[in-house]
Each structure stands twice: as structure tokens, then as C-alpha cells.
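The tour goes from one side-chain contact to the next.

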Amino acid sequence: MPTAATGTRRVVQTAALLALLVFFAAQLVGAVLPNVPLLVAAAAGGLALDLLLQHRHPGLLSLLGRIRFDVTMRQLLRDMLTMVGLLRTEGIDPLHEQAPLTGGLLAFYVVHFVCQAVAVLVRRARQLPIVTRNIDASPLRPTAAPPRVFARQHGRRLLRLAVPVSAGLLATAATANGWWGAAGLSAGLLVALGGTAHLATWLLPGKRPVDEAWALAWLDRWLAEYRPTLGLYFSGGATSAYQANMWLSTLAALDGRPVIVLRERFMVQKIEATDVPIVCVPRVADLMRLEHSTLKAILHPANSGKTSQVLRIPSIKHAFINHGESDKLSSCNPYAKAYDEVWVAGPAARERYQLADIGVEDKDVVEVGRPQLAPILPSAGPPAGPYTTVLYAPTWEGWDGNPGNTSVVLAGENIVRALLADPGVRLLYKPHPMTGSVDPRAGAADTRVRAMIAAANARRSGPRPDPGAAAELARRTEELERLTARDFRPSADELERMMLQGAPAPGRAEAVAEATAAWEAAYWASLPEWEHQVIADARPALYSCFNRAHLLISDVSSVVSDYLTSEKPYAVANTSGLPEEEFRAGLPTVSAATILTPDADGVPALLAAVRDPSLDTAAAARAALKTRLLGPADPPSLVRFDAAAQALCARSDERRARMAARADGDIPSQREARGDADGIEPADGPEPAGPGEAVPAPAGAPDPAARAGAGTAEP
């Protein structure tokens with residue numbers, strides 16, 4: 001369901017495209033009549049609108065590219081119409097003025113296309129088969145990127161260079177003086193030639209990085225020197241990086257030498273601050289080089305289409321760790337049986353897999369807890385101040401269209417309305433980042449909820465923090481951005497970022513953790529305690545919101561399981577259509593929750609129980625459910641997780657040892673085995689082996705260890 005803002009935006013965009021076509025029609029009329037004022041106004045207006053749309057709405061112009069009316073065709077048509085107008089305008093000599101201007105315009109476009117060819121060569125040379133972060137990539141000879149207007153923005157480049165050219169030609173049309181056109185063309189040609197020559201310097205040896213073969217050989221050498229033992233493998237879309245980010249602190253705290261393996265180039269910058277080396281290997285053929293490394297085990301926080309590619313490597317053991325657990329079907333995906341082990345938080349998830357009967361054997365399920373929940377603080381009791389902070393964190397709509405996935409469509413507005421009606425409530429609204437990505441109704445409901453919160457804030461008033469709090473937040477933000485090295489110049493490409501994001505300085509991870517904690521403290525201190533908040537950015541993190549809340553309202557999602565660490569009251573919206581008894585019976589994570597119906601009429605009683613512990617009858621149930629969902633508190637989750645990682649690495653070592661033992665023994669070829677079975681004695685072959693003796697391999701037989709992918713030989 002499109003919102004009013006969406007409808008208005010579409011109307012404006014449609015009007016802009018129509019205006020662009022009107023300018024072309026008007027320029028055609030001005031050129032044919034000829035009508036010089038109309039020609040000049042239409043050409044100048046069309047170029048100005050094209051420039052504006054290139055800067056503000058490039059996606060809109062891509063629609064024209066689909067019908068082969070891209071920026072080059074538009075500007076070429078604009079210039080051709082101008083030249084037609086000049087040809088039909090009195091006072092302009094066709095031979096001594098028109099012809100030189102036409103030749104100059106042709107030269108301008110020749111230089112433009114040469115520049116485009118050079119830009120393609122430069123981009124190809126600077127795109128290596130791998131992307132790294134937190135690794136010293138200086139052997140790859142990375143350099144600063146060329147100006148992006150010449151290297152990557154051919155549309156903007158053409159339009160900007162066309163400004164002096166068009167201005168000169170239109171001035172010639174207005175004054176009948178060919179010198180204006182010559183001056184404009186000269187200016188455009190000089191800038192284009194200079195930019196092309198400058199861009200071509202990135203093809204010289206001093207600025208050119210290594211070639212593809214050299215880069216892959218360097219990767220092999222780096223793997224041999226670093227000797228990674230445990231990896232985190234991730235592939236996904238632009239909004240899914242949170243699935244990997246939640247495991248960064250855990251991965252860094254494990255024994256061994258960790259590495260993060262990514263498959264999409266853009267994902268390198270989506271991963272949050274960490275000191276763990278990051279390697280992006282987009283092509284599956286290059287990914288197979290991991291088979292010859294010391295990598296023993298890989299952890300998978302999500303399933304993706306590219307997961308099966310790394311599962312082909314037999315020398316590496318694989319464990320699925322998920323990115324959160326809930327009672328939803330997605331937490332028991334049949335894909336999980338492809339992994340060697342499935343790691344879960346507690347007994348409830350183990351039971352869930354067995355009840356789902358999807359082929360995951362119980363012996364392959366390992367309970368490890370949730371080590372990243374350590375920052376969540378335990379309950380400090382009922383609210384001590386005038387406001388009860390409620391965190392409403394609905395999940396997204398999912399892929400299957402189940403109305404019970406998210407409450408934001410059927411119950412979100414009712415829940416928020418009931419909370420805003422209580423003057424003692426401060427609402428924190430943190431929707432899932434993928435809300436509305438599948439079902440437009442979810443996006444529309446999210447927009448309406450945000451509008452309700454903004455309207456409620458407009459009706460409220462109260463004291464605001466000292467101005468120094470905002471200054472402190474700005475200072476902390478600058479410090480955190482500096483430590484995480486995410487502030488790149490606009491022209492930076494991935495090779496320049498590889499150069500800037502080399503091996504981290506010692507102690508950077510601790511400094512980032514301290515800076516993040518300081519930023520979160522400054523963030524909350526900069527906000528009025530009475531003001532409702534919509535938290536849609538990655539910061540502050542969800543767990544920071546947990547620590548501020550006295551009550552959570554959510555859906556059937558991993559948010560509920562994680563929040564139970566605090567043992568604070570929580571509620572779950574039932575939009576599934578099931579009766580409450582059936583809803584509780586089928587979903588263990590809601591067994592200690594207050595169940596809200598879509599009309600949210602239970603919100604007042606829920607708030608009363610949060611404020612008065614004597615009315616909270618579910619405290620003991622929450623404590624018991626916490627153990628069932630997340631496992632015991634002792635030994636700590638990080639200890640159990642690390643033990644599981646070391647055990648998985650040991651399984652990999654055992655497998656490699658078996659492969660090495662088989663390689664040392666002798667295995668008969670198929671021809672020998674077939675000959676023995678037929679009673680034919682192999683010619684010139686070795687004597688048959690006795691019972692328990694190794695059978696010698698025939699000459700020239702392939703190495704079975706190579707077929708099995710065993711061993712850790714240097715590449």
C-alpha cells in the first residue's frame with residue numbers, strides 16, 4: 001500500500017521525466033523554425049534538468065537507459081539539435097563558422113569516448129580478484145583512486161564538460177558570433193583532454209596494482225604465513241550484514257587464528273569494526289584456494305545460495321551458528337543438515353530440531369549458549385524514575401507471507417497508540433532493518449508508526465539536556481568514526497580502502513570497544529528522558545536499547561530470546577490468528593510472556609505489572625525459560641563456544657590425518673581390482689598383499705589425498 005509521500009514522490013519523478021521530454025520537443029521546434037530564444041531556453045533548461053537529476057535522482061534516469069536513451073544519447077541529441085539550429089540561423093557562415101564548430105564538437109565526443117575507454121581500463125586494472133581489510137595489502141601496490149568523475153561517473157563527466165560547450169554554442173546562436181562556440185568547445189576539449197591524460201597515468205607502472213595472477217599468489221602466501229584455523233563465512237544482501245556483525249566480538253575472543261571470509265565486494269565495508277582479518281573472494285574458483293590453507297573449521301551465521309560453494313571443501317569442517325534463535329520455521333531450516341554440526345544456544349533449540357524432523361541428527365547438535373549476550377545487563381527492578389521505558393522491536397515480515405511473522409502490520413499502530421496514551425511511558429521504537437522489503441504494507445505501517453511517535457513528541461514538553469551533551473556526542477562520534485576508519489574521501493574505491501584499512505594498530509579493538517561504549521553513553525545523555533525515540537540506525541545497538549528498557553514488546557523472534565538474558569518482563573504480539581493457549585503451547589519462547597492481541601487491549605495491565613513487582617507473576621517462569629533457551633550460566637557461554645570450536649577443529653585434524661594415512665598406504669587401481677575379481681593375474685604387477693597388508697598403488701595412480709583435499713601443503 002503506497003503512502004502519500006511515496007505517491008507524491010512518484011508524481012514529482014514522472015513530472016521531471018516529462019519535463020525532460022518537453023525540453024527536447026521545444027528544442028526541436030526552436031531549431032527547425034528557427035526560433036533562437038526558444039532553442040537557447042530549451043537546450044539550457046534540458047541540460048540543467050539533466051544535471052539535477054544526475055545528482056539527486058540517478059535511479060530515475062536509469063529508466064531512460066533501459067530504452068537506450070541514456071545520458072550520452074540525450075546529450076548527443078541535444079547538441080545535434082543545437083547544430084541544426086545554428087545551421088538554420090541567419091548570420092552564421094556555414095563554411096567558416098558552422099563547419100569548424102561541427103568539427104570541434106566531433107572532436108569533443110571523440111575525446112569523451114577515449115576517456116570512457118581509458119576509464120574502463122583503469123577500473124579493470126584496479127579491481128583485483130580479492131578484497132581485503134585488516135591485512136597489510138602493500139605487496140599488491142594499492143594506490144589512491146583517480147577522480148571519480150573521470151573514472152566512474154561517465155554520465156556526470158559528460159554533462160559537466162558539456163556545460164561550457166553548450167554555453168558557447170548557444171551564445172553563438174544568440175549573437176551569430178562563432179567565436180563564442182569556439183571558446184566553449186576549446187574549454188571543454190582542454191578539460192577533457194587533460195582529464196583523460198591524468199586518468200591514463202593510473203595505467204602506468206607506478207600507479208598500476210599487481211595483476212590477477214600475482215594477487216592470487218599473494219593470497220596463497222598470506223594464508224601460509226597467517227595460518228588461519230577458524231573462519232566466519234558470510235554472503236548476503238546489503239541489509240543482512242547484521243547477521244555477521246553480531247558474531248564479531250565472539251570470533252575475536254576465541255583461541256586460534258580467525259579470519260572472516262566474504263563473497264560480495266560491498267560487504268567488506270558493511271562489516272563493523274573488528275581486528276579480525278577480512279578476505280573477500282567473489283569467484284568460486286578462487287575460493288577453492290582455501291582447501292590448501294590451514295583453515296580447519298568455518299562458522300556460518302546464515303544460509304545463502306553461495307554457502308554450498310564453500311561446503312565443497314572436504315578438508316574444512318562446517319558449523320551453522322545462525323544469527324538468532326526463535327520458534328519460527330526459519331530457525332529450523334532443512335539446509336542445516338548440510339553442515340557437520342549445528343550449534344544452538346540451549347536445550348529448547350535442540351528439541352526444536354528434533355521435533356522439526358528435517359534430517360539434523362541429535363548427535364550433530366551442540367549447545368554453546370549465546371556468548372555475545374554478555375553486554376546485556378540484568379534487571380535492576382521496577383522503574384525508579386517518572387518514566388517507564390518500553391522498547392517496541394517488531395521483526396520483519398519474512399518471505400512466506402505469514403501474518404504472524406511481524407506485528408507491525410496488524411497490531412503495530414494499536415500497540416504504539418496504547419503506549420503513547422500512558423503519560424508515564426517513554427517509547428523506544430526499533431524496527432527490523434528489513435521491514436517493508438517484501439510486503440509494502442509493513443513499510444507503510446512502519447511509516448505511520450513513526451508519524452504517530454513524531455506527533456506524540458510534538459505534544460510533549462520537558463527539560464532538555466545541557467547543550468554540552470550534544471557537543472559531547474559529536475566529539476564521541478568523530479572519535480568513533482576515526483577509529484573505525486569509515487570516513488573515506490568520495491573518490492575512494494575498494495583498492496584505496498584496502499590501502500587505508502591495512503593491518504590494525506595494536507590495541508585498536510579495545511579502543512573501539514571503549515569508544516563505542518562512550519558513544520552510547522553520550523547518545524543517551526543527549527536525549528530528553530521524556531522524549532520518544534525512533535531508532536533506525538545501526539547505532540545504538542539493540543543490546544544498548546535492552547539495557548535502557550524496562551519492558552520489551554516484540555514478535556516471535558530471536559530478540560525475545562536475547563532479551564530473556566536480563567529476565568525483565570516482555571510481551572509478544574499474537575497476530576497469527578491462533579488462540580492464546582495454542583500460541584503458547586506451540587512456541588516455547590512466549591511461555592513466560594504476556595500475550596498481546598492485535599487490538600493491544602492488554603497494554604495497561606502489562607505496564608502496571610512492570611511498575612509493581614507484586615503484579616508480575618511471570619518472574620520465576622522467565623528465569624526458568626532463560627536456562628531452557630540459552631543454557632546454563634556456568635560454564636560461561638564463551639567458554640562452551642570456544643570448546644566447541646576447538647573440538648570442531650580437532651575433527652578436521654583427525655580427518656586430515658586419516659587422509660594422510662591413506663595417502664601413505666597403497667590403494668589398488670580399478671583395473672587391478674577388476675582383474676582380481678575376474679581371476680586374471682595383473683601383468684607385471686606387484687605380488688598380491690596378504691591379509692592386513694597395504695596394497696601398493698600402481699605406477700602413475702593419482703594421489704588419493706589430492707582427490708580428498710587433504711593436507712596443508714603450501715600452495
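Start by selecting Asp562, which at 4% relative accessibility counts as buried (buried means under 20% relative accessible area, exposed over 50%, partly exposed in between, with a 1.4 Å probe and protein chains only). This is a predicted model, in which local features need pLDDT of at least 70 and side-chain atom pairs count only at pLDDT 80 or more, while totals for chains, interfaces and linings use all residues. Residues are numbered from 1 along each chain as its sequence is written, and side-chain values use heavy atoms, with hydrogens and water left out.

The side chains of Asp562 and Arg370 meet in a salt bridge, 2.9 Å from N to O (a salt bridge is a side-chain nitrogen of Lys or Arg within 4 Å of a carboxyl oxygen of Asp or Glu). Asp562 lies in helix H21 and Arg370 in the loop between strand S8 (365-367) and strand S9 (388-393), so the pair ties together parts that are 192 residues apart in sequence. Helices (H or I, at least four residues) and strands (E, at least two) are DSSP runs, numbered from the N terminus. Arg370 is buried too, at 7% relative accessibility.

Stay in H21 and select Tyr563, then Phe546. These two form an edge-to-face aromatic pair, 5.0 Å centre to centre with 80 degrees between the planes. Rings of Phe, Tyr and Trp (its six-membered ring) pair if their centres lie within 6.5 Å; planes under 30 degrees apart count as stacked, over 60 as edge-to-face and the rest as tilted. Phe546 lies in helix H20 (residues 542-548) and Tyr563 in helix H21 (residues 558-563), so the contact joins parts 17 residues apart in sequence. Phe546 has a relative accessible area of 1% and is buried; Tyr563, at 0%, is buried as well.

Which residue pairs with Lys317 in a salt bridge? Select Asp340: the closest N and O atoms of the two are 3.9 Å apart. Asp340 sits in the loop between S6 and S7 and Lys317 in strand S6, so parts 23 residues apart in sequence are tied together. Asp340 is partly exposed at 22%, whereas Lys317 is buried at 12%.

For another salt bridge, select Lys363 and Glu361, with closest N and O atoms 3.7 Å apart. Lys363 is exposed at 63% relative accessibility, and Glu361 is partly exposed at 45%.

Finish with Trp247, Trp343 and Phe641, which form one aromatic cluster.
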